[in-house]
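Biologist: Hi! Could you walk me through this one?

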Amino acid sequence: MLINNGVGVRAFVRWCDEKGILYLLPVAPRTLAAFVDDLAERLTPATIKTYVAAINRMHRDLDLPLPAGAGVVILAQKRTRRAAVEKGHRPKQATPMRRAHIDGTLERMGTSLMDLRDAAPYDTLCRAAELVALHVADVRSQGGDAVAYVARSKTDQEGDGDFRFVARYTFERVRAWVKAAGLDDDDPLFVPMSRNDRGKRLTRRDVARIYKRRVGEDFSAHSTRVSAAVEQRAAGVPTGLIAQAGGWKGDAIPARYTRHISAQESGAAILARRQGRA
């Protein structure tokens, strides 16, 4: 998130310079709205939303009034989404990494140190940034399974912390990796293979590269979260519980990931089945 914050703020500063606008804090809502309107021609609504959130977060960190909540900014972002839809834009979604993909990948792995490490992170619903922030002691046994303690996340900027479920067989792979790598409780859980990088942790880009190398080029670091939402929904799990499992703030994102499943449970689908048309 710090990278996105920097990119968003720098983009705004450059825009002010190009437009001859004096860059002052707090940013006036009308200035931010004009920035949003100007970006709509060349950036996606998702990228613009990220930039606005970065500027807003900077204000929060400095204890300044938040410009993104102003009506003119909200309306500007709505205009960008409406314009994108009219142009035929559809939000991109990470390719789901389904259970069959993961199981096939794990079957191909051996017992080398790299294989043991790369076999461990598939089952937590953690974002890439959350995975690389884990320490060995954060994953612990709980009953017959385990939990992973996520100290901070995209939706928990205050650092209240959260626990994610870890299945028993995933926990066994984590323990095998930790033992083989000789890691201590205070060590980062996922570390580079190079001896020169001892004590360092993997980066988010490293996680993405591992998934692409192990599972396929179509997959990203977010693919495991999308697939987990899809497969839980297909199993009848309510979106509220899916949101809880994945650390989403509300059920809007899991609902978006699984809307094709919801269509199969709509009134039209139920009627078609009752009438023998489906």
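This is a predicted model: local features need pLDDT of at least 70, side-chain atom pairs count only at pLDDT 80 or more; totals for chains, interfaces and linings use all residues.

Biologist: How many cavities of 30 Å³ or more does a search of the whole structure find?

Modeller: The search finds 2 of them.

Biologist: Which helices supply at least two residues each to the lining of the largest cavity?

Modeller: Helix 6 (113–118), helix 7 (128–133) and helix 9 (204–214) each do. Helix 9 gives the largest share, with 3 residues. The lining includes Arg117, Asp118, Leu131, Val207 and Tyr211.

Biologist: And what is that lining like by class?

Modeller: The lining of the largest cavity has 8 nonpolar and 2 charged residues, with no polar ones.

Biologist: What about the lining of the second largest cavity, by class?

Modeller: That one divides into 10 nonpolar, 2 polar and no charged residues. Among its lining residues are Ala120, Thr124, Val139, Thr170 and Leu189.

Biologist: Switching topic: at what angle do the axes of helix 10 and helix 11 cross?

Modeller: Helix 10 (residues 223–234) and helix 11 (residues 239–246) cross at roughly 150°, and their axes come within 10 Å. Angles over 145 degrees count as roughly antiparallel, so helix 10 and helix 11 are roughly antiparallel to each other.

Biologist: Is that crossing left-handed or right-handed?

Modeller: The crossing of helix 10 and helix 11 is right-handed.

Biologist: Nice. Which residues meet there?

Modeller: From helix 10, Arg225, Ala229, Gln232 and Arg233 meet Thr239, Ile242, Ala245 and Gly246 of helix 11. The residues of this contact divide into 3 nonpolar, 3 polar and 2 charged.

Note on methods. Residues are numbered from 1 along each chain as its sequence is written. Side-chain values use heavy atoms; hydrogens and water are left out. Axes are lines fitted to C-alpha atoms, for helices over the stretch in contact, and angles run from 0 to 180 degrees between N-to-C directions. Helices (H or I, at least four residues) and strands (E, at least two) are DSSP runs, numbered from the N terminus. Angles under 35 degrees count as roughly parallel, over 145 as roughly antiparallel, 65 to 115 as roughly perpendicular and the rest as oblique. A crossing is left-handed if the near helix is turned anticlockwise from the far one by less than a right angle, and right-handed if clockwise. Contact means heavy atoms within 4.5 Å. Ala, Val, Leu, Ile, Met, Phe, Trp, Tyr, Cys and Pro count as nonpolar, Asp, Glu, Lys and Arg as charged, and the others, Gly among them, as polar. On a 1 Å grid over the protein atoms alone, a cavity is a set of points where a 1.4 Å probe fits but cannot get out, and a pocket is an open set with protein on both sides within 12 Å along at least five of seven lines; lining residues have an atom within 4 Å of a point. Grid points are joined across faces, edges and corners, and a volume is the space filled by probe spheres set on the points.
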